[in-house]
Number of protein chains: 2
Amino acid sequence: MQTYILQNKARFMEELFGLLRIPSVSAQEVHKGDMGRCAQALVDLLMQAGASSAAVYPTSGHPVVFGQKIIDPSAPTVLVYGHYDVQPPEPLEKWRTDPFEPVILPDPNTGEEAIYARGANDDKGQLFMHIKAFEYLLQSGKLRHNVKFIFEGEEEIGSPSLPAWVQANKEMLAADVILVSDTTMISEKVPSINCGMRGLAYLELTVTGPNKDLHSGHYGGAIANPIQVLSEMIASLLDADGRVAIPGFYDEVVELSAADRAMLSRAPFDLDEYKAFLDIAEVRGEEGYSTLERTGIRPCLDVCGIWGGYTGQGAKTVLPSTAHAKISMRLVPNQKSEVITELLAAHLRKIAPDTVKVDIQLHEGGDGFLIPITSPAYQAAAKAMQEVYGIEPVPSRGGGSIPVLAQMQKILGIDPLLMGFGLERDTIHSPNESYLLSQFYAGLRSIALFYQYY
Amino acid sequence: MQTYILQNKARFMEELFGLLRIPSVSAQEVHKGDMGRCAQALVDLLMQAGASSAAVYPTSGHPVVFGQKIIDPSAPTVLVYGHYDVQPPEPLEKWRTDPFEPVILPDPNTGEEAIYARGANDDKGQLFMHIKAFEYLLQSGKLRHNVKFIFEGEEEIGSPSLPAWVQANKEMLAADVILVSDTTMISEKVPSINCGMRGLAYLELTVTGPNKDLHSGHYGGAIANPIQVLSEMIASLLDADGRVAIPGFYDEVVELSAADRAMLSRAPFDLDEYKAFLDIAEVRGEEGYSTLERTGIRPCLDVCGIWGGYTGQGAKTVLPSTAHAKISMRLVPNQKSEVITELLAAHLRKIAPDTVKVDIQLHEGGDGFLIPITSPAYQAAAKAMQEVYGIEPVPSRGGGSIPVLAQMQKILGIDPLLMGFGLERDTIHSPNESYLLSQFYAGLRSIALFYQYY
């Protein structure tokens, strides 16, 4: 494989950069055309890599790409999942380079070479490793599995269209494992495999006070300011112990056994390094749990965006008509995303004072899930990564969410396997997203070896 | 005067519309050139109206316009103050017409004709009445006073440059009264004269959590979210009784006597109409005070803007690095703007938890002031308005702020007189700002009569 990488390195980067140049931002209407272009680019890449068929499938939202190579109907089948949509690049002023003009640059701290672009890691860079591992296996006559690829264009907006599409194409998608690279590992020195992810619930809250923006001098002090009311509502959502203060929120949360907590605590973690990386003096979270537990096994609530009134330059004196917040919750097994979303919505309606009106818009969410580490796929992945990294990977719990995987698991009746090669340093979803070249090639080799051991 | 109005109506509108078409938004850097253009347009209007001199005076910020007509050094002198800068027009999508393309349209509710444009009332429409009243008096040989005009371009951003300019040009500005039309009256049926205005304190607060935007799944639940912290800080600034919860905030507030409160309560006020006008179910304010008292004689705190994280379309999952708020306070005699601003800044630094950093940027403010209703100028204004409206005007307290007037009062040693002809329906500082033609002409006649009785 090393030889193959050396011979094809330049072409790999050229192909990946072509993909990264397409601003496939699923959340923004203006990029609708780019979504189609990106889907077609993936079909081309799959066909070039040796797929026997690949096509763009329309959905009610952004299209799905599906391609496959069936070598023997009786051989085991790997279904590779990835997503070609990316997070919005904003705030643009914080990027050091153009988010949609990929470049290879040394990391400002370590000097290691990385690809800088929106999607460099999440998930174009990671799904691309799978196409190239497949190409290598096929070219070198080593492919022993049927391989299917499903790439969606709506992961970053909660995959609203995929479950129905998967349901309608169940037979075409039949496989033995869903192989996914869309997560991180603990560090380059501590490879890990995700054995669970959190679910997601998300809604947008609008608080309306007066029916128009008002002069804050003429009305200030006499009527409720919607920014004030929104702030009070948000403040009340977390209690003094850092717990989410929505009645019933923790009702279905599975409490881990002491043994399970001990196993997860094997993952190395340095609180001082963590604080230094983020430049914070103190962490904050639920009482009684460690930082890794807070992100791995405990649910939480975060406001992802807030806006209202005058946000431009200078000192406009206005008492605004409305204020808005985007509120997300990360869920753990067995919290149901729909139930929790409705719980928050009902709670917000209940706590809103009668000086304002509230309007709630629900966004897509999804349930969390767990993966058994005893499965053949997990064991094959662990063996592959041990060979590449020289260390046995540890099982970990990712705090993020790929809500659609829980649904695919249910519809198709097969478990996902999360071999993620991202690192925290990659700052996915943030400005200056990047992906270390060393991780890209280690991932490529690990994936090829996974097929060998599976 | 009626004949003069009838003969010159079309020209008045043409001249005023020319002024309104210039987007002189002092808060926005991009309009720097428009500020100069607007100042020059005012010089031209003053000269056309008959001023013996008028010029644009540079300052460290936007320029000042000064013009005058001295008819007799021993005659009383009126100094007319106004401002040619306007509030930002945002949010633009809420305007029914272009904010900088004035039109005369019937009021959607009453059918009365009004001029719609940013600045139609505040303050271009109101200052223009003074130029035309002066023109009329001069043309008709009735001018018995020396008249000086000072128009500034920074009122909406707190007049940072004017006090120094006034100090430097004290002698040129010498007068007996500062005449201002930049406020509202209670209603068309209840003319009123402002006998006091609130002061203003304003600052911008930035809360920084992690040093970069983060994936809310990977970090959510483990570190402080700056939007959450900002919301908690804002929520804590008002207590359950609607009082500003900053230690020392009320220390210097002058409590009005029962007699003063009774006099102010003569102003008619219908709470149901007020709530219907704003489309709110309930008002909110400081316990123990009426709505008019809450805006007239009591100080308050309002968040004029808030922003942080992702505010675009869709459901981006981000734990942002920073969150921001613009916080204003309206002050009453004897609260000092600088003292109160520093009080809030120190309080915010104190209550910020050690999970975040705070940064505070101070904006311009100013003190409130009171005007004795026994003064000759007040009496002349009351007589003039009684003649035009057929009703004796009531003294009122405006909730807004023209901070620079308190400073001019101090520097020049003369009282301002606030003859404002705006109405609440004009929605100044908001989309669809307008000015009733009936009020424009009633104001013009009242001002001309003021000179007769002063």
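Modeller: What follows is a set of questions about labels and the values behind them, and the model is a predicted one.

Colleague: What makes the relation between chain A and chain B that of a two-fold axis?

Modeller: Chain A can be laid on chain B with an RMSD of 0.1 Å by a turn of 180 degrees, with a shift of 0.0 Å along the axis. That is the relation of a two-fold axis.

Colleague: Why is the pair of Glu232(A) and Arg284(B) called a salt bridge?

Modeller: The closest N and O atoms of Glu232(A) and Arg284(B) are 2.8 Å apart, and the cut-off for a salt bridge is 4 Å, so the pair qualifies. Glu232(A) lies in helix H6 of chain A, whereas Arg284(B) lies in the loop between helix H8 and helix H9 of chain B, so the pair joins two chains. With a relative accessibility of 25%, Glu232(A) counts as partly exposed.

Colleague: What does Arg284(A) form with Glu232(B)?

Modeller: Arg284(A) forms a salt bridge with Glu232(B), and here the closest N and O atoms are 2.8 Å apart. Arg284(A) is in the loop between helix H8 and H9 of chain A, and Glu232(B) is in helix H6 of chain B, so this pair joins two chains. Glu232(B) has a relative accessible area of 23% and is partly exposed. Over all chains, a search of the whole structure finds 38 salt bridges.

Colleague: What makes the salt bridge of Glu101(B) and Arg21(B) a tie between parts that are apart in sequence?

Modeller: The closest N and O atoms of Glu101(B) and Arg21(B) are 3.0 Å apart. Glu101(B) sits in the loop between strand S3 and strand S4 of chain B, and Arg21(B) in the loop between helix H1 and helix H2 of chain B, so the pair ties together parts that are 80 residues apart in sequence. Glu101(B), at 36% relative accessibility, counts as partly exposed, and so does Arg21(B), at 39%.

Colleague: Why is helix H12 of chain B called mostly covered?

Modeller: Eight of the 10 residues of helix H12 of chain B are buried, among them Pro403(B), Leu405(B), Met408(B) and Ile411(B). Just after H12(B), Gly413(B) takes a positive phi of about 70 degrees.

Colleague: Is Ala406(A) buried or exposed?

Modeller: Ala406(A), which lies in helix H12 of chain A, has 9% relative accessibility, and buried means under 20%, so Ala406(A) counts as buried. Leaving aside neighbours within four places in sequence, Ala406(A) is in contact with Asp367(A), Gly368(A) and Phe369(A).

Colleague: What makes the phi of Thr427(A) worth a remark?

Modeller: Most residues other than glycine have a negative phi. The phi of Thr427(A) is near 40 degrees, a positive value in a residue other than glycine. Thr427(A) is in the loop between strand S17 and strand S18 of chain A, and at 14% relative accessibility Thr427(A) counts as buried. In chain B, His429(B) has a phi near 70 degrees, also a positive value in a residue other than glycine, and His429(B) is buried, with a relative accessible area of 3%.

Colleague: Which peptide bond joins Glu90(A) and Pro91(A), cis or trans?

Modeller: The bond joining Glu90(A) and Pro91(A) is cis, with omega about -5 degrees, and Pro91(A) lies in the loop between strand S3 and strand S4 of chain A. The peptide bond from Asp122(B) to Asp123(B) is cis as well, with omega near 0 degrees.

Notes. Residues numbered from 1 in each chain as written. Chains lettered and ligands numbered in written order. Predicted model: local features only at pLDDT ≥ 70, side-chain atom pairs only at ≥ 80, totals over all residues. Heavy atoms only, no water. Least-squares fit on C-alpha atoms with pLDDT ≥ 70 in both. Helix = DSSP H or I, 4+ residues; strand = E, 2+ residues; numbered from the N terminus. Buried < 20%, exposed > 50% of the residue type's maximum accessible area, 1.4 Å probe, protein only. Contact = heavy atoms within 4.5 Å. Salt bridge = Lys/Arg side-chain N within 4 Å of Asp/Glu carboxyl O.
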